[in-house]
Amino acid sequence: MPLVSPLPADSNPEVAEMARFFNETLGFCPNSVLTMMRRPRIAKAFIELNMAVMENKGRLTSAQKRLIAYVSSNITGCRYCQAHTIRAAERYGADAEQLEHVWEYKTHPAFSEAERAALDFAVAASVVPNEVDAELNARLHQYWEEDEIVEMLGVIALFGYLNRWNDSMGTTLETGAIESGEKLLGHRGWNTGKHK
């Protein structure tokens with residue numbers, strides 16, 4: 001049972017209009033946003049931040065951003081965000097080999113050295129204490145522009161917020177997210193956990 005129940009999507013028309021952004025990303029408005037709607041300014045600020053972070057200005061693609069978010073969410077243990085991010089990665093055209101082998105990214109041929117550096121960054125920036133070090137800094141700068149590194153860390157930080165929000169709230173997973181989690185992550189032991 002969630003800590004706080006989500007409100008109906010039409011509870012705040014202004015927030016509901018902004019939340020249409022998620023129809024492209026996920027195919028539905030997430031229950032996390034419907035819970036944030038209890039304080040509309042939080043919901044609006046979150047949606048604005050999400051749109052800004054997920055906007056692509058460099059070579060980093062929408063699919064790559066969602067894989068970074070997935071790796072970050074997996075490190076923190078948030079099953080809600082794991083299902084959402086793997087679903088969004090698939091919807092944004094992530095390579096099937098990458099979806100299947102995301103946890104072998106260090107050695108699997110579906111990943112470039114640039115992608116390996118980005119996913120190592122997602123791991124290092126998501127653990128406590130933080131493990132971003134000089135060696136990783138150098139590798140990131142070898143493959144990515146500083147503006148692109150800002151985009152990556154924006155994704156990691158956004159999901160740091162979402163991981164804490166959804167794990168603490170025990171946010172109920174939506175049907176579509178459950179389907180994606182079972183299809184794409186079930187073979188790795190993923191389940192809904194407390195997000196029923």
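Predicted model: local features only at pLDDT ≥ 70, side-chain atom pairs only at ≥ 80, totals over all residues.
Reader: Why does lysine 44 count as partly exposed?

Author: Buried means under 20% relative accessible area and exposed means over 50%, with partly exposed in between; lysine 44 has 23% relative accessibility and therefore counts as partly exposed, and glutamate 14, at 47%, is partly exposed as well.

Reader: How do you know whether arginine 59 and glutamate 148, which form a salt bridge, are buried or exposed?

Author: Their closest N and O atoms are 2.7 Å apart, and arginine 59 lies in the loop between H4 and H5 while glutamate 148 lies in helix H10 (residues 146-169), so the pair ties together parts that are 89 residues apart in sequence. Arginine 59 has a relative accessible area of 48% and is therefore partly exposed, whereas glutamate 148, with 4%, is buried.

Reader: Why is the pair of tyrosine 105 and phenylalanine 111 called edge-to-face?

Author: The structure holds 7 aromatic pairs. In the pair of tyrosine 105 and phenylalanine 111 the ring centres are 6.4 Å apart and the planes stand at 70 degrees; rings pair if their centres lie within 6.5 Å, and planes over 60 degrees apart count as edge-to-face, so this pair takes that name. Both tyrosine 105 and phenylalanine 111 are buried.

Reader: What makes serine 62 buried, and which side chain does its own side chain meet in a polar contact?

Author: Serine 62, found in helix H5 (residues 62-76), has 14% relative accessibility and so counts as buried. Its side chain makes a polar contact of 2.7 Å with the side chain of asparagine 56.

Reader: Why is the protein described as compact as a globular protein of its length?

Author: The secondary structure comes to 11 helices and 0 strands. The radius of gyration is 16 Å, close to the 16 Å that the globule rule gives for 196 residues, so the protein is as compact as a globular protein of that length.

Terms used:
Residues numbered from 1 in each chain as written. Heavy atoms only, no water. Helix = DSSP H or I, 4+ residues; strand = E, 2+ residues; numbered from the N terminus. Buried < 20%, exposed > 50% of the residue type's maximum accessible area, 1.4 Å probe, protein only. Polar contact = N/O pair within 3.5 Å; in protein donor to acceptor, adjacent residues only side chain to side chain. Phe/Tyr/Trp six-rings, centres within 6.5 Å; stacked < 30°, edge-to-face > 60°. Rg over C-alpha atoms; globule rule 2.2 N^0.38 Å. Salt bridge = Lys/Arg side-chain N within 4 Å of Asp/Glu carboxyl O.
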